[in-house]
Amino acid sequence: MEKWRYIKEWDKLVTPEYGLAVDDTLPYSVAEKDSPPILHLYRFEPSAIVGKYQDIRAALKIDRCKELGIHYNRRSTGGGTVIMGPKAVALGFGISLKHPAMQGGIKGIFNTMSQILIRTLADFGIKGSFRPKNDLEVNGKKIAGLSASADVDDAILFHTSLLIDFDINLMLEIMNTPVEKIYDKGYSCFSERMTTMEKEIGEKIDVEVVMESLKKSFEKQFGVVFEEDELSDWEKQKVKWFDAKRYRDEKWIFSKRHPKYKMGEGLLKTPGGLLQVYISLAGGVIENLMITGDFFSTGEDINRLESNLKYTMVNRENIENSLRQIWKDDIIYGVDIPTLTTAILKASENCV
């Protein structure tokens, strides 16, 4: 039976700089060092982590995080903000996109990965289900979010976190969450739309037991066996590089700030997530444009979209023609050309 690598760090809490740096190393090991797929299970020190395309200042109350000693950072995968702590299992998984189970684009990958988490929940008597675009739910309440990044050759990094227990009051204290998104799913507050494993079964659950269940669920899903392993010397150097050059660099952490100059903002809730477009105009032509939100895409694709839209006249026909020139399936998962155009036009209407 095929043997894959398993890096387990259950007996300590790690900083987001280290944990995210290890995860970012996984697809590089697969793509550049011919490593078999690698599963990394661990726990963060209390942290707030935003998605790759989010504006961290808009998502979090940075000053309050500092007052409470909560770490904050930006991961390399898309999706929304997660609040991590001792009783949330963090999961990083690096695998080649050539693997048969990794077909079907982001939708196919999320379907595969959600089955692993659903099987783990079932081990504890909890019935979970996948809700597009990227939520795992129990009785209509979110218990995990899925995210992924395919920026490293033919390898992908899959991210998720599974809530065993959760401090919802802390979440409400440090997060700025757009009202439009909260109310969209029909709930008036977070406490009515989130749940945890311990809340569902009414008893305490050991973190290590959950990690073991996740590992076995992976093995069953892929028909492989995991062997516990440590990072190679090459991987340790790569982790140090990501730690220092990415996750301790404010240019990365605050890389999607609002521009200093005034511009219009278009906010639109879409099937692919919250879409935020910031735009500046010069005589009815797009001078600059920034696409952010909690959707799934790649940095390369977002940059292409933003670049291609520059110097386009702001009307629906011209914008849609510009987008069609480079559009491809799942360029922004769950978002189509008319929807992105509507968000751009909404931003232009709000331009002051």
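Which residue forms a salt bridge with Arg5? In this predicted model, the partner is Glu235, and the closest N and O atoms of the two residues are 2.7 Å apart.

The structure holds 18 salt bridges. Side chains of opposite charge can pair when their charged atoms come close.

A second pair that joins separate parts of the chain is Lys87 with Glu198, where the closest N and O atoms are 2.3 Å apart. With a relative accessibility of 24%, Lys87 counts as partly exposed. Glu198, at 7%, counts as buried. Salt bridges with shared partners also join Arg5, Asp229 and Glu235 into one network.

Another salt bridge lies within one helix. The side chains of Glu67 and Arg64 meet at 2.7 Å, N to O. Both residues are in helix 3 (residues 62–68), and because they are three residues apart, about one helical turn separates them. Glu67 is exposed, with a relative accessible area of 57%, and Arg64 is partly exposed, at 29% relative accessibility.

Asp34 has a phi near 55 degrees, a positive value in a residue other than glycine. Asp34 is located in the loop between helix 1 (16–32) and strand 2 (38–44). Its relative accessibility is 69%, which is over 50%, so Asp34 counts as exposed.

Asp330 likewise is not a glycine and has a positive phi, of about 60 degrees. The loop that contains Asp330 runs between helix 12 (316–324) and helix 13 (337–349). Asp330 has a relative accessible area of 37%; this value falls between the cut-offs of 20% and 50%, so the residue is partly exposed.

Notes
Residues are numbered from 1 along each chain as its sequence is written. This is a predicted model: local features need pLDDT of at least 70, side-chain atom pairs count only at pLDDT 80 or more; totals for chains, interfaces and linings use all residues. Side-chain values use heavy atoms; hydrogens and water are left out. Helices (H or I, at least four residues) and strands (E, at least two) are DSSP runs, numbered from the N terminus. Buried means under 20% relative accessible area, exposed over 50%, partly exposed in between (1.4 Å probe, protein chains only). A salt bridge is a side-chain nitrogen of Lys or Arg within 4 Å of a carboxyl oxygen of Asp or Glu.
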